[in-house]
Amino acid sequence: MFSDESRFSLQSDSRLTFIWRAPGTRYHQENTIERHRYGGAGWLVWGGIILGSKTDLHVQSVTMTGHIYLDVILEQHARLFRGAMGAEFLFMDDNARPHRANIVDECLQSEDITRMDWPAYSPHRT
């Protein structure tokens with residue numbers, strides 16, 4: 001089972017703004033834009049695929065933590081697929097911090113779920 005998530009910001013994530021303005025009007029009110037530097041509201045969307053099947057998309061407005069990952073993703077999805085596939089089941093996620101929480105590792109071990117190594121920021125993202 002391959003799983004991944006993406007965060008979608010409700011604010012513009014582009015740090016570049018091009019404004020065409022007359023010379024000498026740089027700081028006029030109509031030529032300035034308020035910027036939100038520290039993130040802002042957004043949604044996290046998670047999904048998984050396995051052998052021609054897929055999970056439902058999980059959408060949340062809060063930050064992913066190890067506890068949320070365990071309760072929502074592993075308990076509701078990976079564990080069920082593991083039960084259906086048996087010992088051949090291989091789970092793949094990236095090395096995001098919530099995925100590597102101790103409680104997540106303990107859950108995977110107790111459910112006998114084998115995790116495939118996949119480095120965070122791997123070339124599949126570029």
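**A close look at the aromatic rings**

Tutor: Phe-89 and Phe-91 are both buried. Buried means under 20% relative accessible area, exposed means over 50%, and partly exposed lies in between (1.4 Å probe, protein chains only). This is a predicted model: local features need pLDDT of at least 70, side-chain atom pairs count only at pLDDT 80 or more, and totals for chains, interfaces and linings use all residues. Residues are numbered from 1 along each chain as its sequence is written, and side-chain values use heavy atoms, with hydrogens and water left out.

Now the rings. A pair of aromatic rings is described by the distance of the centres and the angle of the planes. Rings of Phe, Tyr and Trp (its six-membered ring) pair if their centres lie within 6.5 Å; planes under 30 degrees apart are stacked, over 60 edge-to-face, and the rest tilted. That rule gives 1 aromatic pair.

Next, Phe-8. Phe-8 sits in strand 1 (residues 2-9). Strands are DSSP runs of E, at least two residues, numbered from the N terminus. Phe-8 counts as partly exposed because its relative accessibility is 47%. A nonpolar surface patch includes Phe-8 and Trp-43, together with Leu-10, Leu-57 and Val-59. The five residues have about 540 Å² of accessible area together, by the Shrake-Rupley method with a 1.4 Å probe.

Key: Patches are made of residues with over 30% relative accessible area and no salt bridge: like charges are joined within 9 Å, nonpolar side chains (Val, Leu, Ile, Met, Phe, Trp, Tyr) within 5 Å. A salt bridge is a side-chain nitrogen of Lys or Arg within 4 Å of a carboxyl oxygen of Asp or Glu. Helices (H or I, at least four residues) and strands (E, at least two) are DSSP runs, numbered from the N terminus.
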